[in-house]
Amino acid sequence: MNTEKYQEKLANAPKVRISSIVIIIALTLIVFVSVATTELPEPQSEASINAANNVVRGILHPSADKLLSFGVDGVPYLILETMAIALLGTLLGSIFAIVPAILGASNFNSKMQVRIVRLCLNIIRTVPPIIYGLMFIRVTGPGPFAGVMTFSLTSIGMVAKLYIEALEELDGGILEALDSVGASYWQKVAMGIIPQIRPNFISTAIYRYEINVKDAAVLGLVSAGGLGTEIILAQSEGRWNDLGAYILGLVILVFIVEHVSTRIRTSLVSG
């Protein structure tokens, strides 16, 4: 009796498709090719090992002067500057992303227009932030303004994409109900559209701000201001204790911003 039951279960079990086997084989080959084409690092010289040790020692023994100084090269000032750069960049990017989001929403526009707008947004997203940073550095010179413009442009691509998803999830029934009671166009926007998209829009902007703060170290490579620039300068000049202080400041900043933004976004979703 039990044998017949197991045979019946075996007969009804889903069959392994040939396509699944092909996919597994292809993925295995890709992994092997990736490993084969990745060059193993050569044995490091004594100077390289010493440099790595200096970085570790600097992180473990950060400069108290930099941590407690309120000057332009102190960690508190640089944290505020980094937050300001990321905030302005996120704010500008979130505002400029509204128009392409409206133009790229499939429930408001033609298919051709949607494809063109989304293609442009995809192109913006494919360029790394450091490339935009290099471009703005050449135009405006090094400094916080270049960082703000970089964050603005990099924010538009991602924020607009998420804005589009929020617009496409609008409840059409609410708009139909407002239309049936004779609401005007702006009344429908104010009472039917904005209340639906506001939580998603705010949550998206906060999430992008969190990403921009984390990208501050990357933009330091192009001297775009904030903690990232000081990290690169301290490393190139061999100021290891200062480097440790700046890295510690960046870690604290990212931790606080991530914690606060997560709480705000959670409250927006639950509310």
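**Salt bridges, cores and surface**

Author: Start with lysine 214 and glutamate 210, which both lie in helix H11, residues 185-214. They are four residues apart, about one turn of the helix. Helices here are DSSP runs of H or I with at least four residues, numbered from the N terminus.

Reader: Before we go on, what are the ground rules?

Author: This is a predicted model: local features need pLDDT of at least 70, side-chain atom pairs count only at pLDDT 80 or more, and totals for chains, interfaces and linings use all residues. Residues are numbered from 1 along each chain as its sequence is written, and side-chain values use heavy atoms, with hydrogens and water left out.

Reader: OK. How do the side chains of lysine 214 and glutamate 210 meet?

Author: In a salt bridge, at 3.3 Å from N to O. That term means a side-chain nitrogen of Lys or Arg within 4 Å of a carboxyl oxygen of Asp or Glu.

Reader: Is glutamate 210 buried or exposed?

Author: Buried, at 5% relative accessibility. Lysine 214 is partly exposed, at 38%. The cut-offs: buried is under 20% relative accessible area, exposed is over 50%, and partly exposed is in between (1.4 Å probe, protein chains only).

Reader: Which arginine meets glutamate 210 in a salt bridge?

Author: Arginine 265, at 3.4 Å from N to O. This pair links distant parts of the chain, 55 residues apart: arginine 265 is in helix H14 (residues 240-270), glutamate 210 in H11. Both residues are buried. Glu210 and Arg265 also belong to a salt-bridge network with Lys214 and Glu258.

Reader: How many salt bridges does the structure hold?

Author: Eight. One of them joins aspartate 73 and lysine 66, at 2.6 Å from N to O. Lysine 66 counts as buried at 15% relative accessibility, while aspartate 73 is partly exposed at 29%.

Reader: New topic. How many residues are in the largest nonpolar core?

Author: It has 26. A nonpolar core is a set of buried Ala, Val, Leu, Ile, Met, Phe, Trp, Tyr and Cys residues joined through side-chain atoms within 4.5 Å. Val213, Leu227, Tyr246 and Leu253 have the most contacts inside this one.

Reader: Which helices each supply at least two residues of this core?

Author: H5 (75-96), H8 (129-140), H9 (144-168), H11, H13 (226-236) and H14. H14 gives the most, with seven residues.

Reader: And what is valine 213 in contact with?

Author: Beyond its neighbours within four places in sequence, Ala86, Leu250, Leu253, Val254 and Val257. Contact means heavy atoms within 4.5 Å. A second, separate core has 18 residues, including Ala105, Tyr163, Ala166 and Leu170.

Reader: Where does threonine 150 lie?

Author: In helix H9. Threonine 150 is buried, at 1% relative accessibility. A polar atom of its side chain lies 2.7 Å from the backbone oxygen of alanine 146. Away from its sequence neighbours within four places, threonine 150 is in contact with Pro129, Tyr132, Gly133, Phe136 and Leu219.

Reader: Last one. Which residues make the nonpolar surface patch?

Author: Leu248, Ile252, Phe255, Ile256, Val260 and Ile264, over about 520 Å². Accessible areas come from the Shrake-Rupley method with a 1.4 Å probe; for residues, only the protein chains shown count as cover. Patch residues have over 30% relative accessible area and no salt bridge; nonpolar side chains (Val, Leu, Ile, Met, Phe, Trp, Tyr) are joined within 5 Å, like charges within 9 Å.

Reader: Is phenylalanine 255 buried or exposed?

Author: Exposed, at 59% relative accessibility. Phenylalanine 255 lies in helix H14. In soluble globular proteins, nonpolar side chains tend to be buried together.

Notes: A polar contact is a pair of N or O atoms within 3.5 Å; within protein, one must be able to donate a hydrogen and the other to accept it, and residues adjacent in sequence count only if both atoms are side-chain atoms.
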